[in-house]
Amino acid sequence: MADLSVCGTDCSTCYCYGEMCTGCNECGGKVFHVPDGQTCGIYECSVNNRKLKNCGECGNVPCEIWMKTRDPKFSDREFEDNVNGRIQALRKL
């Protein structure tokens, strides 16, 4: 099974996983691409504030926090497909 992060991303396929990044659960959501002192908003919401295993347990996904995590490389359609794929993956866990 894929090693899904709280946002539904399969981090195990990333070249940084296990090296520069140990994954959001191990580092408390402080992933390497987030500015120092800040935590990933998705991780902070679902794990710390709501005590959920991941966003798949939340009935309000995709929420505003998810919309703010948009990768600027994605078109509107690509982003929508990406979000839907991550939600489906999380709900299968």
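I looked up Lys-30 and, leaving aside neighbours within four places in sequence, found it in contact (heavy atoms within 4.5 Å) with Gln-38 and Thr-39. This is a predicted model, where local features need pLDDT of at least 70, side-chain atom pairs count only at pLDDT 80 or more, and totals for chains, interfaces and linings use all residues. Residues are numbered from 1 along each chain as its sequence is written, and side-chain values use heavy atoms, with hydrogens and water left out.

I placed Lys-30 in the segment before α1; helices are DSSP runs of H or I, at least four residues, numbered from the N terminus. From the C-alpha of Lys-30 to that of Leu-52, 22 residues along the chain, I read 17 Å.

Buried means under 20% relative accessible area (1.4 Å probe, protein chains only). The core has 20 residues, and Val-6, Ile-42, Cys-55, Val-61 and Trp-66 touch the most other members. Helices α1 (41–49) and α3 (76–91) each supply at least two of its residues. The largest share, four residues, comes from α3.

For Trp-66, again leaving aside neighbours within four places, I noted contacts including Val-6, Ile-42, Phe-79, Arg-86 and Leu-90.

Last, I searched the whole structure for disulfides (cysteine sulfur atoms within 2.5 Å) and found zero. For Cys-11 the nearest cysteine sulfur, that of Cys-24, is 5.9 Å away. Cys-11 counts as buried because its relative accessibility is 19%. For Cys-58 the nearest is that of Cys-45, at 6.3 Å. Cys-58 is buried, at 10% relative accessible area.

Conventions. A nonpolar core is a set of buried Ala, Val, Leu, Ile, Met, Phe, Trp, Tyr and Cys residues joined through side-chain atoms within 4.5 Å. Buried means under 20% relative accessible area, exposed over 50%, partly exposed in between (1.4 Å probe, protein chains only).
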